[in-house]
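Dear colleague,

Please find below the structure that I am handing over to you, together with its sequence. My notes on what was found in it follow.

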Amino acid sequence: MRKKIALIGGGQIGQILAMLAAQREMGDIVILDIPELENPAKGKALDLMEMAPHGNYDANIIGTSDYKDIAGADVVIITAGKPRQAGMTREDLLAVNLQIIGAVANGVKQYAPKAFCLVVTNPLDAMVYAFYKMTGFPKSQVLGMAGTLDTARWRAFIAMELGVSVVDVAGTVLGGHGPDMVPLPRLTTVGGVPLAEIASKELIDKIVLRTREAGTEIVKLFGKGSAFFSPAWSAIVMAESYLKDKKRVLPACALCEGEYGVNGLFMGVPCLIGAKGLEKIYEIKLTEEENAQLQKTIGSVKKTVGETKL
Ligand code: A3D
């Protein structure tokens with residue numbers, strides 16, 4: 001039997017998720033949106049069914065606003081919520097998206113209680129925490145997608161600056177999904193060569209800054225709405241690691257219980273994702289400077305999560 005992927009939110013990211021999941025034959029796909037947008041969700045699903053003969057995939061794809069249709073889903077990816085507009089911070093979305101996450105948590109808890117759940121809605125660290133609290137799901141079953149994207153941005157900017165293949169750039173970004181996230185130049189390599197040996201400190205600092213502001217750079221260019229191609233791909237990579245038990249080690253927003261000195265908060269950390277969901281969090285021994293940066297991002301995450309009052 002095919003796996004089932006439920007996409008809660010059929011907007012910009014949701015529709016790209018649906019296309020990628022179909023093309024990669026990850027399973028049957030349900031695009032769920034609010035009742036007012038049920039028809040557009042159905043339309044997107046039908047359009048993707050009609051793309052299948054040339055896309056060369058077999059999948060049953062439907063649009064709906066009824067949670068019954070996600071029953072038994074193996075993976076749930078949540079993008080339901082408002083995106084940022086130019087001039088907004090992610091935190092400006094907290095109140096409105098918290099309500100939406102509440103409705104989503106109820107539906108997923110009732111109809112897909114065993115699903116591996118990925119939250120994408122911003123402000124990410126707070127929304128994944130809220131979803132975890134509201135569903136009561138085990139921590140292995142709930143992750144936030146942010147670090148996978150932040151690391152993709154870090155790798156892309158390095159490749160663009162150095163004129164090397166992005167495939168050979170390896171690295172990680174820790175912490176919250178905000179302007180004080182912590183890219184780790186010390187642990188970044190280009191085909192095994194340490195970044196610091198082939199890039200100046202000035203250039204590295206510039207790339208760190210661009211990575212931290214990458215989401216805002218796109219929001220400014222769009223004027224309306226936020227990035228969607230790269231967030232969708234990042235969530236797909238995480239979902240695939242679960243579905244295929246690939247055991248990839250990806251930076252993701254996971255519940256820390258002692259790791260990095262953090263207790264009870266979701267934060268971006270290197271995660272092993274396999275058939276059991278979150279299977280392991282890797283701890284990195286940080287330098288004093290890296291740790292100081294991490295403490296700053298932990299402070300920001302605590303503040304935003306505190307505002308959920310959960
Ligand atoms: P958008 O195109 O507006 O799509 C969101 C969809 O959610 C819309 O179709 C809404 O109708 C739908 N929706 C709203 N409420 C509900 C509900 N209760 N149930 C089901 N569906 C609902 O936004 P988008 O796809 O561009 O972005 C979605 C979210 O992802 C936003 O909160 C963004 O800020 C966030 N985002 C996160 C990242 C990260 O890296 C974490 C990156 C980019 C965007």
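**The ligand and its surroundings**

A backbone N or O atom of Lys82 lies 2.8 Å from an oxygen atom of the ligand. Please keep in mind that this is a predicted model. A polar side-chain atom of Asp33 is 2.6 Å from a ligand oxygen atom, and an N or O atom in the side chain of His177 is 3.1 Å from an oxygen atom of the ligand. Taken alone, the ligand exposes 870 Å², of which the protein buries 88%.

The space that the ligand takes is the largest pocket. Helix H1 (12-23) and helix H3 (94-111) are the elements that give two or more residues to the shell around the ligand. In total, 28 residues surround the ligand, and the closest are Gln12, Ile13, Asp33, Lys82 and Val120. Sorted by class, the shell holds 15 nonpolar, 11 polar and two charged residues.

Why does the ligand lie between domain 1 (4-145) and domain 2 (147-306)? Both domains give residues to the shell around the ligand, so the ligand lies between them.

**Two points in the backbone**

Most residues other than glycine have a negative phi, and most peptide bonds are trans. Asn122 and Pro123 are joined by a cis peptide bond, with omega about -5°. Pro123 belongs to the loop between strand E5 (116-119) and helix H4 (124-135). Lys247, a residue other than glycine, has a positive phi near 60°; Lys247 is placed in the loop between helix H9 (229-243) and strand E12 (248-257).

Yours sincerely

Terms used
Residues numbered from 1 in each chain as written. Predicted model: local features only at pLDDT ≥ 70, side-chain atom pairs only at ≥ 80, totals over all residues. Heavy atoms only, no water. Near = heavy atom within 4 Å. Polar contact = N/O pair within 3.5 Å; in protein donor to acceptor, adjacent residues only side chain to side chain. Areas by Shrake-Rupley, 256 points an atom, 1.4 Å probe, with all protein chains shown as cover. 1 Å grid on protein atoms, 1.4 Å probe; cavity = no way out; pocket = protein on both sides within 12 Å on 5 of 7 lines; lining within 4 Å. Sits in = over half its atoms within 2 Å of the grid points. Helix = DSSP H or I, 4+ residues; strand = E, 2+ residues; numbered from the N terminus. Nonpolar A, V, L, I, M, F, W, Y, C, P; charged D, E, K, R; others polar. Domains from an automatic or database assignment.
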